[in-house]
Amino acid sequence: MKNYLKKFMTTAVILGAAIGGSVSLVQAESNFPTQVHIAAGERASGRILNVGIGRSVVLNLAEDAADVLVSNPEIADAVLRTPRRIFVIGNTAGQSRLVLFSRSGRELASFDIRVEKDTSDITRIIRKLIPGTNIAAESVNGNVILSGTARSTLEAQQAADIAAKFQGAGSGVDVVNLISVEGKDQVHLKVTVAEVERSIIKQLGVQFSGTIGAGNWAPFMSNLPNFTVNPSIVNQATAGATFASGATSITAQVKALQRDGVIRTLAEPTLTAISGENASFLAGGEFPIPIAQEDNTVTVEFKKFGVGLDFTPIVLSGGRISLRVKTEVSELSNDGAVSAGGITISALKVRRAESTMELPSGGTLVMAGLLSESYQQSIEGVPGLMQIPILGSLFKSRDFLRQQTELAVFVTPYVVRPVAQKDLVRPDKNLMPPTDAETVFLNRLNKIYNPAGAVADGTYHGQVGFIYK
């Protein structure tokens, strides 16, 4: 008989542990339980009971209950179906208190009821559509709070989008994203900005002036070309002659110029940023701009120029990277400059590109390619005379300008991991100043070391930085 009682008690303990474990599992997966079990003699007082709006919770008691007290029936209501089973129904969002009494008037259990919108469905949908995540949704004052962990920033954003769509458009419910990303990825972005600008300027003009003496009359004539296409150029080659006889004087000059120019701009800014965070870069400077204020005062504001880069990376699944990139190449220019009060304010020549793209790690995309050509030409001279064949060239001037610009921006993102300090080499590590004798007699600006050890196999091709020799 004792052995039988011992086996029965052992079985009851195991069964009770299994039931308690299942209840804990249900409550762990959702903050809105469907059933709550209260064991005999359990001191269940002051516990928080979350009830969804329009949902119900079943309270299973191990002892008979005779009376139920709800402090605010408009928030939640309780129905005593049997002495050991009570239904708690959530009506509207708010807080209430539930107390259960036995036949002798002893308090069996008490709960602090919180009635909110049930977010169990949101949690289940997120975990179904985004497997492998540990994200839970909670409701506070009608708003949804997402917590837990996700494998990437993209999954965290997708969970927030799912929760927002679940609430419906115009619901007025805010979604607070408190999801932590496991092992945040870092993105290294290399941008190459290459620009070649070619310009050709040609000027050819005849300038003459003179006075003819005829008694009391002194007729005069002049033809002065303005070169309106390139007015700032004043260093033309000049050749001419002057004829003078008595009161008659005639001067003729020929001005000619040809200028070919090439400008090459190359910048390779590199940045590293955590997935989802913003990073910016500027290699250039700032120039002052005076701004008039009240009381006849002038303040100075600085405007940035140079090579700028701004990007926000997001690491997607499969090693792909979503990028929002803004790049800008600007320089000071006299074209469009403003003069006020004896102060000349330079203008900016800007080439700007902004785009959103998706690339694999190590893939390169030409984000912006620009071919621009500007052509200007003007001919001016003496009406009628400039139309004479051959000789008409003596009475006209030509001003010519042609500009060609080619700009390309190459974008290459990499998913990177930090490296140890011992694996990095500074550019100035092997740069040592020479001795006075090496500087004077060998014209050296730095020491030159003889290579030691065996020569490495193969040949490396490509740019590795600035090499001191």
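T412 lies in strand 22 (strands are DSSP E runs of at least two residues, numbered from the N terminus). With a relative accessible area of 8%, T412 is buried (under 20% relative accessible area, 1.4 Å probe, protein chains only). Its side chain makes a polar contact of 2.7 Å with that of T364 (a pair of N or O atoms within 3.5 Å, one able to donate a hydrogen and the other to accept it). Beyond four places in sequence, the contacts of T412 (heavy atoms within 4.5 Å) are H188, L189, K190, G362, G363 and T364.

This is a predicted model: local features need pLDDT of at least 70, side-chain atom pairs count only at pLDDT 80 or more, and totals for chains, interfaces and linings use all residues. Residues are numbered from 1 along each chain as its sequence is written, and side-chain values use heavy atoms, without hydrogens and water.

An open sheet has the strand order 1-3-6-5, with mixed pairing (strands pair if DSSP finds at least two bridges between them). Strand 1 (35-38) and strand 5 (76-82) stand at the edges, each with a single partner strand. Strands 3 and 6 run antiparallel, joined by five bridges; N60 has R85 as its bridge partner in strand 6.

Terms used. Helix = DSSP H or I, 4+ residues; strand = E, 2+ residues; numbered from the N terminus. Buried < 20%, exposed > 50% of the residue type's maximum accessible area, 1.4 Å probe, protein only.
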